[in-house]
Amino acid sequence: MASATEPAVELTGLGRAYGERTALEGVTLSLAAGATLAVFGANGAGKSTLLRILATLLRPHSGRARVLGADLPEGGWSVRGRVGLLAHDPLLYRELSAQENLVFHARLHGVEAARVPALLEQVGMLGRAREPVRTLSRGMAQRVAICRAVLHAPELLLLDEPLANLDPGAAAAVAPLIGRKAGPARVVISHDVEHGLAEADLVLGLRGGRPALLAPAGEVSAADVRALYA
Amino acid sequence: MALVRKDLALELRTKEAVPAMFLFSVSTFVLFRFGLDRTTLEGDLASGVLWVTLLFAAVLGMNRLFVAEREEGGFDAFLLAPVDRTSLFVAKAAVLFGFLVAVELAAVPVFALLLLGPSPVGALPELLAVLVLADLGIAIVGTLVGALAVQTRARDLIVPLLALPLVTPVVIAAGQATAPLLAEAGAAALPGRWLGVLGLYDLVFGLLALAVFDFLLED
Amino acid sequence: MFGRGLKTLSIASLLLICGAFALVAFYAPNDADQGFVQKIFYLHVPLAIVALGGFVAGGVYAIRYLRSRDRADDLRSYVAIHLSLILGLAVLATGSIWAKASWGAWWVWDEPTLVSFLIVFLLFACYQPLRFSIEDPERQARYAAVFAIIGGAFVPLNFLAVRLADSLIHPRVLSTTGGSMPGEMRITFLVSVVAMIVLFVTLWKYELTSKHAGMQLRALKRRLGGEDAVGPLSRTAPNQV
């Protein structure tokens, strides 16, 4: 278990290649517990790769990664249940209902399934909880996916464009679960520059897999971030 | 386990695998009946027809085994959970085994009615033993091959191409073991050595699969 | 990296093969039943033994790769299997010729070793298609290794099953003098086997060296000319060491 003062994420020269192409290279940063890291960059800049490494889904090819006090990849097993991932794919079985999906995930993570109805209610999905996921709109599926990501009370949240497909009402509803004040440390990929900056403590900008920008949020302006996409 | 329950729930909901396997088996039996131009089979021939049909039905099952995981973008949900990787293998193999048993419960009686000359009832316990051991081997290898194929491009092709040779010893052993049970002159004793071969196969591939499965999932 | 002893091995191969050939042609006796054609046995059986050994070796290197993650081991595994496949084709071909000559049919299902070899061959024939249907090189190597291990374990099991099945029904059709060989045959046979093994290892090393050189060339090109100077990878080798 990571102590309260140990950083949630500590990366040193982290790198990962895809075949001959470098997906990520030389990423070094330290994220304190409970803090938020905003990751910006154009498509293909390596943001998702970074997220997946932190989620223990990919092994680092170079450098070191230390997540919640454990070195990856050896310590991956101890990290797994304590990280929540929200990726492009909602990771829900389409033929099963939202309720069934969440109960399954609860069992998989060894947590009580009793939390499920309350969570669904919080995101406003309790009414449609028993219908197959394939009948839900993308926004609804996204909300259920958010429930899935926080169901096991993770200490680190990895969010890939969490508010995509969500209307303002839904966005407000999920804020207590995955927003800045939710509690866990967060790594957030977002294309909404202003919002992303406002919610962040630390900002990382990736270009071609390499860190082009790394600074506390207070020192970064929206224009700096926009330059990444140029 | 939660995994097995989930897969069974999915199967009950979508009914994709087991009915297809069963229908395929029955169609094949009918085909054999006309193709061989005989109304009854016994002994070696009966045994061969039964096992080859079950094998191809099993391949259908293998193809469908990882469909749900494939569709939701891989095994991510499972990989994120604090569970042992091999438990996925055990769960999937158990599910495939379950599919096979379910199909056999329905298809073997149909086979007996359609094609079999002598009644197999007398040799039922031995027949069950062979079926169980063989199913176990097919389930183990089928799950391995299914997992291997998930990440490849030509997956529907790769599964039979890999699984069929690998499962040949099972077909040989099961076929040899079943033949005397279906003999015209009344069921003869089951040659124990084939049960031994099946058992050895199950053991070797079971251990191998447990050792090797992790490597298929990691990244 | 792989090229050590290549010259010695080549010379040794050449000598051994010539020696074996000479022995087969002049020293070994003509078989009473099958005549001169039986001498194909000295080619067919060593080929088979070495091919199967190659498959198993491929599996062993695959295990090493999974533990060491050293791409060199993966390359060794790949080349071993690749070569064994080629030898396998030769086995099936020589087996056919032998069957035709002594039995009048191009294929005999009664010969258990031929049949079980065919099954093994069919399995490993999928190795390359499987390999090249996976894009990501690291994953490709990993999956190929898993396959090689499964295949390697399969070889003995398969032979066991087929042998057992067949011994019950048919006596071995293509056996030579019922199992025990007179001295001259045995010597010739042993020399043939050794020659085949040495040849295999030589060819194996040649292919390893050639592939390795190819990869180094690619890396150099990339370093000199940037990403564009390098063409897309050919589909005939595991990429990137």
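Analyst: Gladly. Keep in mind that this is a predicted model. Start with helix 1 (residues 47-54) of chain A, which is mostly covered: 8 of its 8 residues are buried.

User: Which residues are buried in helix 1 of chain A?

Analyst: First the general idea. An α-helix has 3.6 residues a turn, so residues three or four places apart point the same way. Now the case here. The buried residues are Lys47(A), Ser48(A), Thr49(A), Leu50(A), Leu51(A), Arg52(A), Ile53(A) and Leu54(A). Look just after helix 1 of chain A too: Thr56(A) has a positive phi of about 70° there.

User: How do I read a strand?

Analyst: In a regular strand the side chains alternate between the two faces of the sheet. Take strand 6 (residues 83-86) of chain A, where both faces are covered. Val83(A) and Leu85(A) lie on one side, Gly84(A) and Leu86(A) on the other, and all are buried.

User: In which sense do strand 6 and strand 7 of chain A pair?

Analyst: Parallel. Strand 6 of chain A pairs with strand 7 (residues 156-160) of chain A over 4 bridges. Look at Leu85(A): its bridge partner in strand 7 is Leu158(A).

User: And how many residues does the contact take from chain C and from chain B?

Analyst: Chain C gives 24 residues and chain B gives 24 residues. On the chain C side, helix 4 (112-124) and helix 6 (137-169) each supply at least two residues. Helix 6 of chain C provides the largest share, 16 residues. By class, the side of chain C that touches chain B has 20 nonpolar, 2 polar and 2 charged residues.

Note on methods:
Residues are numbered from 1 along each chain as its sequence is written. Chains are lettered from A and ligands numbered from 1 in the order in which they are written. This is a predicted model: local features need pLDDT of at least 70, side-chain atom pairs count only at pLDDT 80 or more; totals for chains, interfaces and linings use all residues. Two residues are in contact if their C-beta atoms, placed from the backbone, lie within 7 Å. Ala, Val, Leu, Ile, Met, Phe, Trp, Tyr, Cys and Pro count as nonpolar, Asp, Glu, Lys and Arg as charged, and the others, Gly among them, as polar. A residue is buried if 20 or more other C-beta atoms lie within 10 Å of its own, exposed if 12 or fewer, and partly exposed in between; C-beta atoms are placed from the backbone. Two strands pair if DSSP finds at least two bridges between them.
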